[in-house]
Amino acid sequence: MIPQKRAVTINDISGMGRCSVTVACPVLSAAGIETSVLPTALLSTHTGGFSEYSFLDLTDEMSKIMKHWQSLGRTFDAIYSGYLGSVAQIEKVNEFIDIFKDDNTFIMVDPVMGDAGRFYAGFTEEYIDGMRKLCGRADIIVPNITEALFLLNKEYKDGPYTEEYIKEIMKEISSFGCKRIVLTGVCFDNENVGASCFDAENGAFSTFLAPRIEGFYHGTGDVFASTLLSALLNNKTLAESTKIAVDFTEDSIIRTRNAKTDTRYGVIFEQELPALVRKLGL
């Protein structure tokens, strides 16, 4: 019997709204991956589209959890970091990698910072410096266009983009040390949107697009990243994994649009999980 793979997601817990941990855990679990959680914060809801939400910073608790896990001798096949609320928490992730990474540990960083050319609430220029260094330690990073340009200290511009522009962004990011990049929010026209992937070791570049659906759907970045990691840990190639993540995210958005639900609460991905399991060959 093949041993079950084990991942940890370092992310916030939003009590309501499909994002972060409440997306990562079910998606990875459906993909047959044992998933642990190192929580960075506890919120009543995520911060997008809501006001007066509660927020409990768990930076100090992260150290206690790491110490306990270290005493248990646990190891991980993958370390996946998402929303980090401060520079101090970036340092906690670096500490976690120092403790738990071995030669077989795969590190994925989703450098959550902003979208549409703007920071999410609470992020600063100092944060970008710390995130840039963390990305350099990753095996793969999953920024959107805004976050990629923040990392490169470049001015944001709206799409559509050219393929050459997208390739150049990804090549420049690979200079930080991370050799595989998946860039989301890629569009070459006004009709389609998706993601591009780039492997700096062999120069392979691919783009996978789906019809653009108007509107803003919260939590889709988490859906995409969790699906991408699920596919990679199930031995899919980078290109295959990117396509699976694009398709799963698109299908979840379509289901949400058709249901006409309040998009602040995230996309309806749960009913698409059986199709994902089939695509993964499980």
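Biologist: Which residue of strand E9 is the bridge partner of Ile-140?

Modeller: The model is predicted: local features need pLDDT of at least 70, side-chain atom pairs count only at pLDDT 80 or more, and totals for chains, interfaces and linings use all residues. Residues are numbered from 1 along each chain as its sequence is written, and side-chain values use heavy atoms, without hydrogens or water. Strand E8 (residues 140-141) runs parallel to strand E9 (residues 180-186), and 2 bridges join them; helices (H or I, at least four residues) and strands (E, at least two) are DSSP runs numbered from the N terminus. In E9, the partner of Ile-140 is Arg-180.

Biologist: Which strands form the edges of the open sheet?

Modeller: The sheet has 9 strands with mixed pairing, in the order E3-E2-E1-E4-E5-E8-E9-E10-E11. Two strands pair if DSSP finds at least two bridges between them. Pairing on one side only marks the edge strands, E3 (55-57) and E11 (204-211).

Biologist: At what angle does helix H8 run to E11?

Modeller: Helix H8 (residues 238-259) lies across E8, E9, strand E10 (192-199) and E11. Axes are lines fitted to C-alpha atoms, for helices over the stretch in contact, and angles run from 0 to 180 degrees between N-to-C directions. To E11, H8 runs at about 15°.

Biologist: How do helices H1 and H7 lie relative to each other, parallel or antiparallel?

Modeller: H1 (residues 21-30) packs against H7 (residues 220-233) with the axes 9 Å apart and an angle of about 30°. Angles under 35 degrees count as roughly parallel, over 145 as roughly antiparallel, 65 to 115 as roughly perpendicular and the rest as oblique. The pair is therefore roughly parallel.

Biologist: How many nonpolar, polar and charged residues has the contact of H2 with H3?

Modeller: The axes of H2 (residues 59-72) and H3 (residues 87-100) come within 10 Å and cross at roughly 5°, so the two helices are roughly parallel. The contact (heavy atoms within 4.5 Å) includes Met-62, Met-66 and Trp-69 of H2 and Phe-96, Ile-99 and Phe-100 of H3. Ala, Val, Leu, Ile, Met, Phe, Trp, Tyr, Cys and Pro count as nonpolar, Asp, Glu, Lys and Arg as charged, and the others, Gly among them, as polar. The contact divides into 7 nonpolar, 4 polar and 2 charged residues.

Biologist: Is Met-131 buried or exposed?

Modeller: Met-131 lies in helix H4 (residues 125-135). Beyond residues up to four places away in sequence, Met-131 touches Leu-84, Ile-90, Val-109, Pro-111, Met-113 and Leu-151. Its relative accessibility is 0%, and the classes are buried (under 20% relative accessible area), exposed (over 50%) and partly exposed (in between), with a 1.4 Å probe and protein chains only. Met-131 therefore counts as buried.

Biologist: Which residue is joined to Pro-160 by a cis peptide bond?

Modeller: Most peptide bonds are trans. Pro-160 is in the loop between helix H5 (145-151) and helix H6 (163-174). The cis bond, with omega about 5°, joins Pro-160 to Gly-159.

Biologist: What is the phi of Asn-235?

Modeller: Most residues other than glycine have a negative phi. Asn-235, in the loop between H7 and H8, is exposed, with a relative accessible area of 63%. Although Asn-235 is not a glycine, its phi is positive, at about 70°.
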